[in-house]
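The topics are taken in turn below.

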Amino acid sequence: MKEASLRETIVFLKSDLLTAVTALLLAEQRRLVLWGPVGMALGVAGYFGLRQEPSVWGGVALPMLCIGAALVGLWRGWQSVWGRIVAGGCLAVAVGFLVAWLSTYRHPPMPELPRRAVEITGTVQSMAAVAGRDGAVSARMVVLANARFETPLDADMLPLKRTLRVKLKPDDTGDLAPGDEVWVRVMLMPPPFPAFPGGRDLQREAWFANSAGYGRALNPVERLSVSSRQRGWIVTVLEPLRETLDTRIRAVLPGAVGAVASTVLTGESASVPRAVREDFAASGLAHLLAVAGLHLGLVMGLLMGLFRLGFALWEWAALRWPCKALSALLALVGGAGYAMLTGLHLPVIRSLIMASIAVLGIAVGRRIVSMRGLALAATLLLLIMPEELLGVAFQMSFAAVMALVAGYEVLGPWFAGYRARATGMVHWLVCHLIALALTSLLAGLATLPIVMAHFGQIQPFFVLANLLAVPLMAVWIMPLGLLALLLMPFHVEAMALTPMGWGIELVFSMAHGVAQLPAARVSVPHMPTWGLGAVLLGLCWLCLWRQRWRLWGVVPVALGMLSPLLLVQPDILISPDGGLMAVRDGGHLLVAGRSRDSAAVQAAWTQAFAREPEPFPVKGQTPDGVLSCGEDGDPDICFVSKNGRMALLRVVDKTDGMARLPDALCADMDAVISSAPLRDSCPNERRLDRFSAWREGAQAVYLEKQGVRVVTDRAVRGARPWVMKPGGHGMPNLPLAPSE
């Protein structure tokens, strides 16, 4: 009887809970459509999270079957809220998975790059100035398309279907233009492997950016022919225009001020000095250096205001035409021109889509900015470029806009009432300050976990900096910048660029002042993928619902932000080429060895551990005894002891493994790690050397009480099209067959 009663109670509770959830969903049924792009994002994330590349059956046929079944489910179960949720969710996830698979195979395979200096010919696709460590423009970066290698092995091969980024010599000041055919001798390198398992995947980014690798020129570039008009108007018109505008801006505003002015007007941000970038990042103003929604919104707002003023002054048009809709449409055309001028990067594309939806809303009398418009923009971007879901630009853009829309949905009525009661200039100014502070706070809080995940930092004073810098950008810098563009055909752009430079210098002062405040930049350890996923899903739950149960979204957001503290960090890290090693010793990160990419690897390790690297002790041990070096007379032999486990590190081996380690030294070791091949050394112990790094990529070693656990980059990323073969090898460049 008791068991039957308990079962009845459980059934009753389940039924009661299901009834309550169903009631909540019915109350939110107009918001259910907003979860469509979230489901697509889950499908995209599921595809990229696989360890094995699905076949055509798993990547296309199976999702298509799921889509068909989901459509049938929607048709049969449309009258049921649960039927719509289940079938609609399956449909969105399947579509996301399918478009991600199709996007991957739109790109050609990674080619095999020569491993020695090689002469190449190619077409200049674009050029950019590269800032040196001292802030000065040290060289130019040229992107080459249709490259051919002039080697006997690659004779008669087809041109590369991917581009190459080549850094020119600092003294190479030859006149080049997009579309030029050039010849240059370079040293090429494939996209690098991640610096640690689970780190930033530059190979995946290069795959979807259609890049084959990068290199540095060994001699000045020789131009073989000038640009041709048959190469497309983007190459022959837009790129030269951007180069011309950049040159004329820098002629009036040299140095860092000119670099920032060129960034906001042409999208050319590579030459912004590192010190300026660091100040902007520490003060929470990094978004000012990335042309995105703020810049496009300011441009379109200024243009719409000017067009409305013009129509208002034209009495005949003001009485007969829909001037508001026409002004918005003309502003959209101007915004599209600005987007193309600045390079059509993802944040600008996203903003342009949102702006188009807003203009459509103005034309039909609907709300300008809404969650449905944001959902439509997200759906379109995921259909076109699903891989951008993993990028910081996509995540920050949509998180910020979603938080702003949701925040003003809640606080909008109160703020509108307060603004209606305001009288006089002081109240008007207070209203604008509240709006700016609220906007900065909502967008900053929404993007804070994303900044933590991708950059390993928190900027506590971002509201203060944005409260001062954003109005300056809106009312001074951008209007004068647009005026400068209009004055350039008359060669009097200095009249607008000079005061624009004054405004940029004020922003510099604000950014530097905020960056110098105590704790202006707080470093945090690496956030795992599941932590970032929890944050984003929690943010969606918090923003997309309207009932009080939305507050449950705070739980996954908090869990995700705490995930770096919950993640067990490795005790030893080995670089992708095996030449660099790091040991975590309490609050210190000790690094030793040599690596071709030492600077980039150490920077990634510093961000992952939130600690500055320090050298190994020359002789002796660290204060807590975790690491000791040179105790057996060889300064290149170190020992790591933790949790009852011992690992031997051979940091440098000038004999390339030919000198065998003594058996007595290997005895009782749980792991032996060497920057050179171990060959016959320590055959009975767990061995990690240059060969294992060549096969498996970067490695993370955990010295646990149960034993030694090794996590490799290849095990984390799996076998995917963008994961290059050991050593960074790609598809061989085969010459044409006689029939071809």
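Eight residues, V124, V142, L144, V166, L168, V182, V184 and V221, line the second largest cavity of this predicted model. Strands β2 (137-149) and β4 are the elements that give two or more residues to that lining.

**Second largest cavity**
- The volume of the second largest cavity is about 40 Å³.
- Its lining consists of eight nonpolar residues, with no polar and no charged ones.
- V182 is one of the lining residues, and V182 also stands opposite R223 in β6.

**Pairing of β4**
- Strand β4 covers residues 181-189 and runs antiparallel to strand β6, residues 222-225, with three bridges joining the two.
- Strand β5, residues 211-217, is also antiparallel to β4, and four bridges join this pair.

**Largest cavity**
- Searching the whole structure gives two cavities of 30 Å³ or more.
- The largest cavity has a volume of about 40 Å³.
- Residues V260, F280, L288, L289, M473, I477, I504, V507 and F508 form its lining.
- Two helices, α16 (462-487) and α17 (494-515), are the elements that give two or more residues to the lining of the largest cavity.
- The largest share of that lining comes from α17, with three residues.
- By class, the lining of the largest cavity has nine nonpolar residues and no polar or charged ones.

**Second largest pocket**
- The second largest pocket holds about 710 Å³ of space.
- It is lined by 26 residues, of which L32, W35, G36, G88 and G89 are the closest to its centre.
- At least two lining residues come from each of α1 (2-27), α2 (36-48) and α4 (81-104).
- Helix α4 gives the most to the lining of this pocket, eight residues.
- By class, the lining of the second largest pocket has 19 nonpolar, six polar and one charged residues.

Note on methods:
Residues are numbered from 1 along each chain as its sequence is written. This is a predicted model: local features need pLDDT of at least 70, side-chain atom pairs count only at pLDDT 80 or more; totals for chains, interfaces and linings use all residues. Side-chain values use heavy atoms; hydrogens and water are left out. On a 1 Å grid over the protein atoms alone, a cavity is a set of points where a 1.4 Å probe fits but cannot get out, and a pocket is an open set with protein on both sides within 12 Å along at least five of seven lines; lining residues have an atom within 4 Å of a point. Grid points are joined across faces, edges and corners, and a volume is the space filled by probe spheres set on the points. Ala, Val, Leu, Ile, Met, Phe, Trp, Tyr, Cys and Pro count as nonpolar, Asp, Glu, Lys and Arg as charged, and the others, Gly among them, as polar. Two strands pair if DSSP finds at least two bridges between them.
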